[in-house]
Every structure is written in C-alpha cells, then in structure tokens.
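Let's take a walk through this one, starting with some strands and then moving on to the aromatic rings.

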Amino acid sequence: MHIVLQLIPKKYLIGGTLILLGLSGLLIMSTIVAITGEFEKDSQQSEVTEIEGGGIGVGTANVSPEVMKYQPLLEKYAQKHGLDASYVPIMMALMMQESGGRGNDPMQSSESFCGSVGCISSPELSVDKGVLHFKSVLEKAHYDLKLCLQSYNFGGGFINYVMKNGGKYTPELAISFSQLQYQKVKHTGNYHCVRPEMVPYQACYGDSKYVDAVLKYYTGTITADGKPAAPASGGSGGKSGVKVIDAGKTLIGKTRYVFGGGRSQSDINAGRFDCSSFVRWAFEQVGVNVGPMSGVTTDTLKTQGQAINPKDMKPGDVVFFDTYKIDGHVGIYVGNNQFLGCQGKTGVAIASMAKGTYFGERFNGRVKRF
C-alpha cells in the first residue's frame, strides 16, 4: 500500500483527501440537520394537543399541554353551572388566548369575580368563576358566540352597544366600540394598542380582534346562533327513545365486550363492542349519526346532544358513569333505574343503576339527549 501511494502524484493525493473531507463534512451536516429536524418535529407535536368538540359545531381545539390539563376542570364546572359540555373546546381556546394555561388565574377571571386583577390565586377557582362568567355573558349575548367572546375581552358594555346597533356581532362594531371607549380613557395613559394595525383607527381599548385570536385555536364550524345543536330526529327521549332501545336489545346475548371493539364492520359482524361503540351502533339503526364508526368514544359522545337534568331523563337518553376515568362508561337509559349497555362480563345487557348497585354508585349525573 505504501508503494502504491508513492506512485500516485502528490497533487492527486491532496485533492482526493480534500474531496473526501468535503464529502465527510456534508454527510455529518446532513445527519445533524436530519436529527435536528426530527427533534423540531417532535417538539412541535408536543406543543399542540387536539380534543374533539361538538354541539356548537363539531371541531377541534388546538391547545398546549398546559391548557389541556384543565379539560377535566372545565367539564366539571360546565356541569356544575349548567353549561353544555359542547362549549368546553371553545373555552379551552379562550384559555389558550388568555394565558396559555399558565399562572394561577388561567381564565383571567379575577376582574369578573371581584372587580380587580390578581384577586384569584387558585387555578381551580379561576376555572370555576371563568366558566360561570362565560355562561353569563353567553346568555346575555343571546347565544351569539362571537359576541360572547368579544365581550369576555371588552366587558358587558359591548353587548349593550351591539344591541343598540343591529343586535349582532360584527368586526366593525368591535372596532368602533374600541374607538369610543379609548377616547374616554386615553388620558389615563394606561391604555395602548395591543395590535399595531389598530393604531391608525385609535381602536386601542381591549383587543378588537379578540374573536379571531380565540378562534385561531379552534378548527371546525359554529352554528349561526352559537347554541348547542338541537337533538336529532326530535330527541332520543320519548317515542324515538323506545326505538333506539328496541334496536339495542336485538344484540342482547349476541355480543362480547372488547375494549376498542365495534370500530370496524368485521368487529360488528362478530359481535365485538365496547360501551361507546354499542351506543353509536344503536343510534345508527334509527337514523341518528352520533359520530364515525372508527372515532366514537365516551368523550366524543358527551359533547353532543342536549344536556338533561337527571330528574327529567327519559328512555333513550344517554347516561354516563365514572368508572376507570370520568365518563368512563356510557349506556342508554331504559327506565326504572336501568340502562342498556355493553358491559365487561355480559356484553350487551340491561343493568341496574339504582342506588347501592355498582353503576348506581358511579352514575355521575351526566345525561345527554340525542
């Protein structure tokens, strides 16, 4: 080998060495870029979490893990204050805009609660009062969701202003209200435009583009009036409720419980269901679509339909139970403290939810009417 090298002219040896070094450098750089790209990709994926929403329009809220952790609390206080769970994704988008889920007042609800910033130091109290305030504003806005969102930022005076100027939210009304209010307070020196594009308009009171800011974290549709969707086919309770029960009963004794089952036609043909896929199947038999075969879960079911007081539930209403998690089990109420569902030991069967029974102790009061 030494003799061969001696025979090769020195200039070729030097040139070849430089080429090899260059190729090695490119290979190393490519590897670094590829690894960095993967790290960036993983990092980006961990910053956004998707949750399913329904009722006000089936959609997706894209929020950080810090906001995502508040989903159970938002659901808890939505139920406590009588707000349909379908608004939870929008409230998560609102929280994302307000705080990104950080701090002791993630919903920035101190002012609405006690009239001054900083009086809330408990995240749970922030969610409690934030949900209550959201519901109050939503009702005052006559379920105009965009008016509700903008008023969460501007305050209740914006609702009165809109009602005197057409009665419906528009971006133009948001800007004009901001202009009017800014003229009243600019002498204090405490107000500055949060958006540079609003400076020429002197619309520096609050954020006149707050609606767009919140909805950028929400992908989907919103009904014209912002209200939860009306129950399909006149509602699952009553006569149509009996139909869905009759459809479900045809599977009694013909199925077995498989967690994650019922999400393909082969599973259905073989009688493999879990609780939520069975509920989806039963409603499909009477022409009510409550979600795709492959994607229905207890969490997607609970965001749909109309919330019903447990005292008013009727056969055909959908009932939820806290088992391995909040809303971990679901079934169809049949009356007399009984429900039809797909349970672990029995498959599709009628089970008791009377006080003192397994499911009676785990019924959480959530009732939805499709």
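How many bridges join strand S8 to S9, and do the two run parallel or antiparallel? There are three bridges, and the strands run antiparallel. Keep in mind that this is a predicted model. S8 covers residues 329-335, and its Gly-335 sits opposite Gln-338 in S9. The two strands make a hairpin with two residues between them, and Asn-336 in that turn has a positive phi of about 55 degrees.

Now follow S9 to its other neighbour. S9 pairs with S10 (residues 347-352), again in the antiparallel sense, over six bridges. One of the contacts to look for is Gly-341, whose bridge partner in S10 is Ala-349. As for S9 itself (residues 338-343), five of its six residues are buried.

On to the rings. The whole structure holds 17 aromatic pairs. Among them, Tyr-191 and Tyr-205 are stacked, 5.7 Å centre to centre with 25 degrees between the planes. Both sit in the loop between helices H10 and H11, 14 residues apart. Tyr-191 is partly exposed at 31% relative accessible area, while Tyr-205 is buried at 17%. These two tyrosines also belong to an aromatic cluster that includes Phe-154, Phe-158 and Tyr-161.

Phe-259 and Tyr-324 meet another way: their planes are at 80 degrees and their centres 6.3 Å apart, so this pair counts as edge-to-face. Phe-259 lies in the loop between S4 and H13, and Tyr-324 in the loop between S7 and S8, 65 residues apart. Phe-259 is exposed at 62% relative accessibility, and Tyr-324 is exposed at 57%.

Definitions and conventions: Residues numbered from 1 in each chain as written. Predicted model: local features only at pLDDT ≥ 70, side-chain atom pairs only at ≥ 80, totals over all residues. Heavy atoms only, no water. Buried < 20%, exposed > 50% of the residue type's maximum accessible area, 1.4 Å probe, protein only. Helix = DSSP H or I, 4+ residues; strand = E, 2+ residues; numbered from the N terminus. Pairing = 2+ DSSP bridges. Phe/Tyr/Trp six-rings, centres within 6.5 Å; stacked < 30°, edge-to-face > 60°.
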